[in-house]
Amino acid sequence: MALTQADIDTLAKATIPAQKLLIDGTWREGRGGETEVLSPINGRILTTLSAASAADVAEATAAARRAFEDGRWSRMAPAGRKAVLHRLADLIDRHATELAVLGVRDNGTEISMALKAEPGSAAGTFRYYAEAIDKVYGEIAPTALNVLALIHREPVGVVAAIVPWNFPLMIGAWKIAPALATGNSVVLKPAETASLSLLRLAELALEAGVPPGVFNVVTGPGRVTGEALALSHDVDVMVFTGSGATGRRLLQYSAQSNLKRCYLELGGKSPNVVFADAPDLSAAAKAAANAIFRNAGQVCVAGSRLLVQASVHDQFVAELAAATRKLTPGNPLHLDTQVGAVNSLTQLEGNLGFVADATREGGEIVTGGTRALEETGGYYMDPTIVTGVRPEHRLYREEVFGPVLAVTPFEDEAEALRLANASDFGLAAGVWTASLSRAHRMIRGIRSGVVHVNTYGGSDITVPLSGMKQSGNGADKSLHALEKYTELKTAWIQL
Ligand code: NAD
């Protein structure tokens, strides 16, 4: 049966109980006090989160270590782990609408996008790694014939996953699914403003048969709970998605503690490059608006720097502005809303600060630039286009992670490439051109993990997401992700 607005409204009225930590298969209160969870939709209190103290985190990592060492999961046959992860994927599907609505209530993503990107994608991710794990083989090295050298991969041990608030279930699943599939134990630390759907996922994991202690969740402030987790000597690998500032701290914590491996998926300032010979400039203009404004710009791969060839700049910006004005922010729980809420007041104020700096530095606001729907008490912002942005401007260099697009003209291909690479980030890019040769030159030239051609933002679980430069290291998604959660092991056998 098709999902109706009434179904969503009913779920959205449910009272959310005070949330607890999951440690060693038991739900319990943290000793770090409680923090309020505010709704980005209306600014009201939704519920409370329990904050895990350093002592709680130590218990969670110790439980994960015990579970790993006794082999209740790590030494289960891959086919056994596969069956449990399939059950979890089925449970996510069965509770998909409930999970999506719960996630939107604390993170503010428009529900039309959350339904696809959150439970839909998470279930697919668990299935993908459940299926992968009994199909990946080891190797025999081509040594001299009097030796047999076997090479295989084994789980690392305890994985700590720290995740952000923009797509908690999708990004959480990108880490939890391959970590569990390969036999590790996991301690997850969700973001303070997007923990609810991941806590519900943890309930479903227990129901699916993930043994106690194998998957633990500790909520709380980054500087307390996250820091204790990152400093733990019981954690072997840290997988992180979030800001560069936190990524830097994690590397320091690793150096101060046990040199745990750190994989960082960080921010972006991705160039979307439009040449005058693009096959369909009107389609490119609509796509450029969607590339930055969906989920109120809170997308790591958002096309936040638009580079447009000067000969079509004014016409293109006019079409872009027309497409953008149709993307009005609204209640993210309404099925027809295309731009939801900004996640928090802090984030909203940061976005407006970027706009103020951009105009001070000489940029011109074409549309937007202001807070929207303030009377609701929620955190909304009009999609904002700023033209005349130059490489030395703050809006060109720093990630906003909000609905603010910087537009810069270029004369020719050489300048386009120079401008595209004039960034500390290297996560994603887009190129619009009818020339196959130019598209290939740009793909080779742009230093980013992905380059989209004549589209922006397409992806699925079979394709890695990885950053270059200060956008991070290692890959989420695809079979490449398995490398992060396993160690190479060789057996050298004298025959
Ligand atoms: P953030 O770095 O503020 O927080 C991310 C997580 O780190 C949260 O769980 C937070 O509690 C925790 N944290 C904060 N300080 C910590 C500390 N000192 N020690 C340990 N943990 C700590 O990032 P955010 O604002 O939640 O997320 C937005 C950022 O994430 C943006 O930069 C965005 O581009 C990036 N992002 C990247 C990708 C990607 O795949 N590359 C995907 C989504 C988001």
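A polar side-chain atom of Lys189 is placed 2.8 Å from an oxygen atom of the ligand, which qualifies as a polar contact (a pair of N or O atoms within 3.5 Å; within protein, one must be able to donate a hydrogen and the other to accept it, and residues adjacent in sequence count only if both atoms are side-chain atoms). The model is a predicted one, in which local features need pLDDT of at least 70 and side-chain atom pairs count only at pLDDT 80 or more, while totals for chains, interfaces and linings use all residues. Residues are numbered from 1 along each chain as its sequence is written, and side-chain values use heavy atoms, with hydrogens and water left out.

For Glu192, a side-chain N or O atom is 2.7 Å from an oxygen atom of the ligand; for Glu399, the corresponding distance is 2.5 Å. Of the 850 Å² of accessible area that the ligand has on its own, the protein covers 91% (Shrake-Rupley method, 1.4 Å probe; for residues, only the protein chains shown count as cover).

The shell around the ligand holds 30 residues, of which Glu192, Ser243, Thr246, Leu266 and Glu399 come nearest (a residue is near if one of its heavy atoms lies within 4 Å). By type, the shell divides into 15 nonpolar, 8 polar and 7 charged residues, with Ala, Val, Leu, Ile, Met, Phe, Trp, Tyr, Cys and Pro taken as nonpolar, Asp, Glu, Lys and Arg as charged, and the others, Gly among them, as polar. Helix 8 (222-231), strand 10 (237-241) and helix 9 (244-256) each supply at least two shell residues; helices (H or I, at least four residues) and strands (E, at least two) are DSSP runs, numbered from the N terminus.

The C-alpha centres of the two domains are 31 Å apart. Across the boundary, 27 residues of domain 1 are in contact (heavy atoms within 4.5 Å) with 28 residues of domain 2. The area buried between the domains is about 2200 Å², with carbon and sulfur atoms giving 55%; this is the accessible area (1.4 Å probe) that two parts lose on being put together, summed over both. Ile41, Glu110 and Trp165 supply 28% of the area that domain 1 buries against domain 2, more than any other three residues.

Methods:
Domains from an automatic or database assignment.
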